[in-house]
Amino acid sequence: MGKRILVPVDGSDGAAHACEFAAEEFPDATLVLLHVINPAEAGYSAQASVPSFSEQWYEQQERTAEELFDKLDETIRAAGGGETEHALEVGRPTKTIVDYAEDNDIDHIVMGSHGRSGVSRILLGSVAEIVVRRATVPVTVVR
C-alpha cells in the first residue's frame, strides 16, 4: 500500500501551497484533501433562527468544498502529483484533522500556516500549531 498524505484545505493560499508542496515532495503518494466544515461559522444571526437556514448554509458549504477540491486537483496535477481523494467532515478543525489522520491510515500531514502572530495568535490559536502538538503522525507546516 502506498503512502497516504493528509492535506487539510480551507481555500487559503497557505492550503494551496501545502497541496503544491505535497505533490512535489510525495509524487507517488495519495493526497487526501480534507475540508472541515466548522458549524461555529454558521453564526447566531437573525438568519440562523430561520428553520431552513442551517440546511441552506450547509449545502452552500458542501458546494464550496467541491469547487475547492476541483481547483486543488488541478493544482496538484500541475505540480506533478498523483492520485487524490476528497474528504468532507463537520467539526472543530483541529480535532477533526487529528481524528481523521488517526482513523484513516494517514502516514503524514502537510498543511499550510496562516502565520498569525501576536495577540491574534494568542486569542485565536493556530490550527497548525495544535495539530503539530496532537497528531500521532509527522506533520509538515508549509509557509
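Strand 4 (108–112) and strand 5 (residues 139–142) run parallel and are joined by four bridges; two strands count as paired if DSSP finds at least two bridges between them. This is a predicted model, in which local features need pLDDT of at least 70, side-chain atom pairs count only at pLDDT 80 or more, and totals for chains, interfaces and linings use all residues. Residues are numbered from 1 along each chain as its sequence is written, and side-chain values use heavy atoms, with hydrogens and water left out.

**Strand 4 and its neighbours**
- Met111 stands opposite Val141 in strand 5.
- Strand 1 (residues 4–8) also runs parallel to strand 4, through two bridges, and Ile5 stands opposite His108.
- Five of the five residues of strand 4 are buried (under 20% relative accessible area; exposed is over 50%, partly exposed in between, with a 1.4 Å probe and protein chains only).
- His108, Val110 and Gly112 cover one side, while Ile109 and Met111 are on the other.

- Asp105 lies in the loop between helix 3 (93–103) and strand 4; helices (H or I, at least four residues) and strands (E, at least two) are DSSP runs, numbered from the N terminus.
- Asp105 has a positive phi of about 50° although it is not a glycine.
- Most residues other than glycine have a negative phi.
- Asp105 counts as exposed because its relative accessibility is 54%.

**Helix 1 against helix 2**
- Helix 1 (residues 13–25) and helix 2 (residues 53–78) pack at an angle of about 35° with their axes 8 Å apart; axes are lines fitted to C-alpha atoms over the stretch in contact, and angles run from 0 to 180 degrees between N-to-C directions.
- Ala16, Cys19, Glu20 and Ala23 of helix 1 meet Leu72, Thr75 and Ile76 of helix 2, contact being heavy atoms within 4.5 Å.
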